[in-house]
Amino acid sequence: MTLLLSVLAINLLLAQAKKPSIMVIPSDVWCNQNGCVRNYEINGETLTVPDYKKALQTSDQLVFVISKLGSMMADRGFPLNTLEAALTRIDETAARNIIMTSKNGASIKENPIDMLNRQAKADILMKVTWAVKKNGPKSYITYTLQGIDPYTGKQVAGAEGVGEPSMSAAADVLLEEAVLEHIDNFCARLQAHFDDMFANGREVAMDIQIWDDTSIDLETEYMGKELGEIIENWVYDNTMNHRFQKSSSSETFARYEQMRIPLFNEQGRAIDTESFVRQLRSYLKKTFQLECKVVPDGLGHCYLIIGGK
Amino acid sequence: MKTRLLILFMLLAATVGAQKSINVVLDYTVTCAGLTDDGSYMVDVECKGKKPADALANAKKAAVHAVLFKGITGKAAGCTTQRPIVADQAILDSNVEFFKNFFDDKKGSWGSYVTGITGVHPQTSKVKGGYMVNVTLIVKKDGLRQMLEKEGVIRGLSSGF
């Protein structure tokens with residue numbers, strides 16, 4: 001028993017939490033101002049989305065900012081995922097899936113969710129915006145760097161400011177100064193976010209949905225309680241300090257936000273939202289014989305779809 | 001009410017106590033003078049000492065202290081206020097002995113993280129009780145941060161992952 005407890009304690013001490021991936025991307029504002037967007041017509045409305053590939057191919061300043069921020073973060077022991085590599089990998093995967101066949105002539109099976117997941121994603125997005133402006137003969141730069149958690153939509157770090165006006169400095173020099181000037185404050189805030197995560201758990205979100213071919217919904221009663229209530233009680237019992245927010249709910253949908261989940265399970269193994277929601281799936285199956293499907297969406301967001309696989 | 005005031009006073013006393021015990025003249029001003037691309041801050045420091053040499057030594061130590069615990073006050077556009085490396089008072093409180101050794105005049109290594117600028121001389125003036133020095137110095141802030149991470153005093157961005 002003592003040996004088992006010791007092994008568990010050592011496991012917890014040496015365990016490492018799942019590392020969030022970070023990627024620098026140009027902000028939507030920058031993409032729009034620099035003509036790096038694509039327009040789609042959907043139901044008569046124009047939808048404008050950033051065109052990252054065009055941005056990388058046309059702006060040497062963007063490539064410079066991504067490279068500079070990447071090397072500074074690597075110096076701090078946190079190498080970044082690069083946008084260019086992510087876009088290349090997406091193209092390569094798509095091309096490979098088209099041409100790949102088995103010996104029997106079968107193609108790669110791919111559902112719409114797999115296709116949707118093939119996009120440049122990261123657990124924290126460093127959104128950068130800058131513009132070189134003129135004030136008489138002098139040029140100056142405005143610069144904003146935001147660290148966004150895409151799962152919660154929260155800004156977890158940020159730094160912004162206006163550079164010193166200069167008569168002679170080139171735009172690239174002004175940009176480099178801006179990056180240097182703001183990276184420490186940005187990293188300090190990011191560190192505070194990580195410290196908070198280690199102290200209070202990872203902040204994540206979960207969506208509960210229902211397959212349309214099942215008669216069950218979140219108002220279906222089990223042992224005198226509605227399914228929605230049963231799930232809420234489970235979330236209350238399993239979140240750190242019972243911290244969560246149920247932001248919307250109906251008989252067919254519920255969204256849980258600001259859920260603080262532990263970084264490790266009882267065995268000291270690092271967990272993410274998918275592992276956490278799998279525990280809920282096991283509970284529902286074991287206790288109520290309910291089949292559910294877990295669809296992960298990165299470290300911090302997951303779907304639980306009730307009524308089948 | 002009295003109890004709250006007493007607790008507040010005790011906390012304040014503990015904070016000042018921890019700062020004082022690390023052998024740094026705390027009466028200084030450190031403002032941003034620029035940034036370098038090798039991971040250093042250029043700072044303008046104003047600090048006092050009994051003799052001109054003491055004032056300069058105090059200023060150098062104050063520059064390192066400010067980067068560690070107080071942060072750098074911004075001055076103009078392009079010189080933003082910078083947060084301290086050790087922003088949490090609890091880290092100082094639990095590592096008083098480490099910082100006491102670090103700022104020790106004989107065996108402390110604080111001096112290796114601050115340098116003057118070639119051709120820039122300190123301006124010294126006589127003031128009540130000694131001398132006041134104004135000097136521009138370079139503090140190796142990335143070096144300081146890396147050393148503290150290595151010593152386990154502060155967490156690095158990738159710590160725990």
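Which residue of β5(A) stands opposite Val128(A)? In this predicted model, where local features need pLDDT of at least 70, side-chain atom pairs count only at pLDDT 80 or more and totals for chains, interfaces and linings use all residues, it is Leu145(A). Residues are numbered from 1 along each chain as its sequence is written, chains are lettered from A and ligands numbered from 1 in the order in which they are written, and side-chain values use heavy atoms, with hydrogens and water left out.

Now for the strands around that pair. Strand β4 (residues 124-135) and strand β5 (residues 138-149) of chain A run antiparallel, joined by 11 bridges. They belong to an open, mixed sheet of 4 strands, ordered β1-β4-β5-β6 in chain A (strands pair if DSSP finds at least two bridges between them; strands are DSSP runs of E, at least two residues, and helices runs of H or I, at least four, numbered from the N terminus). At the edges sit β1 (22-26) and β6 (154-162) of chain A, each pairing on one side only.

Helix α4 (residues 60-75) of chain A packs on this sheet, touching β1, β4 and β5 of chain A (contact means heavy atoms within 4.5 Å). Helix α7 (residues 171-200) of chain A packs on the sheet too, touching β1, β4, β5 and β6 of chain A.

Elsewhere, what makes the contact between α8(A) and α9(A)? Leu227(A), Ile230(A), Ile231(A), Trp234(A) and Asn238(A) of α8(A) meet Phe276(A), Gln279(A), Leu280(A), Tyr283(A), Leu284(A) and Phe288(A) of α9(A).

Technical notes. Axes are lines fitted to C-alpha atoms, for helices over the stretch in contact, and angles run from 0 to 180 degrees between N-to-C directions.
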